[in-house]
Amino acid sequence: MYADFARSLVAWYCRTGHSVILALSEGFVATAVALARRAGIEVEMPAPSSGRTRGGVERDVQVPGNPRAGTADIAAALDTRAQELDRRMAR
């Protein structure tokens, strides 16, 4: 159950592309990933995508603050943050 939650949360986070949502939710999502990994749950970071289509339909998106940051960059930053949090958590 937590595995599904953590994986869905990461997928949502990496596809949003909205800089405000990313900024407000980064710590929560990274903590969820760190806790999942501690529980032995593998949480994969999504493959790069444009994030502009869902079900073949184009959507309006906010232009991110860093136009070069794609899904791969967002996922890598989230993974790094989760690793930092894991190192700081008491064992």
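1. Helix axes are lines fitted to C-alpha atoms, over the stretch in contact, and the angle between two axes runs from 0 to 180 degrees between N-to-C directions. Two packed helices are described by the angle between their axes and the distance between the axes. The note below concerns a predicted model.

2. Overall architecture. The secondary structure of the chain consists of three helices and two strands. Followed along the sequence, these elements give the pattern α-α-β-β-α.

3. Packing of H1 and H3. Helix H1, residues 2-16, packs with helix H3, residues 71-88, at an angle of about 130°, and their axes lie 8 Å apart. The crossing in which H1 passes H3 is right-handed.

4. Residues at the H1 and H3 contact. On the H1 side, the residues involved are Val10, Tyr13 and Cys14, and they meet Thr71, Ile74, Ala75 and Leu78 of H3. Classified by type, the contact of H1 with H3 comprises six nonpolar residues and one polar residue, with no charged residues.

5. Contacts along the chain. Among the contacts between residues at least 6 apart in sequence, 71% join residues at least 24 apart.

6. Burial and surface. The chain has 91 residues, of which 26% count as buried.

Note on methods:
Residues are numbered from 1 along each chain as its sequence is written. This is a predicted model: local features need pLDDT of at least 70, side-chain atom pairs count only at pLDDT 80 or more; totals for chains, interfaces and linings use all residues. Side-chain values use heavy atoms; hydrogens and water are left out. Helices (H or I, at least four residues) and strands (E, at least two) are DSSP runs, numbered from the N terminus. A crossing is left-handed if the near helix is turned anticlockwise from the far one by less than a right angle, and right-handed if clockwise. Contact means heavy atoms within 4.5 Å. Ala, Val, Leu, Ile, Met, Phe, Trp, Tyr, Cys and Pro count as nonpolar, Asp, Glu, Lys and Arg as charged, and the others, Gly among them, as polar. Buried means under 20% relative accessible area, exposed over 50%, partly exposed in between (1.4 Å probe, protein chains only).
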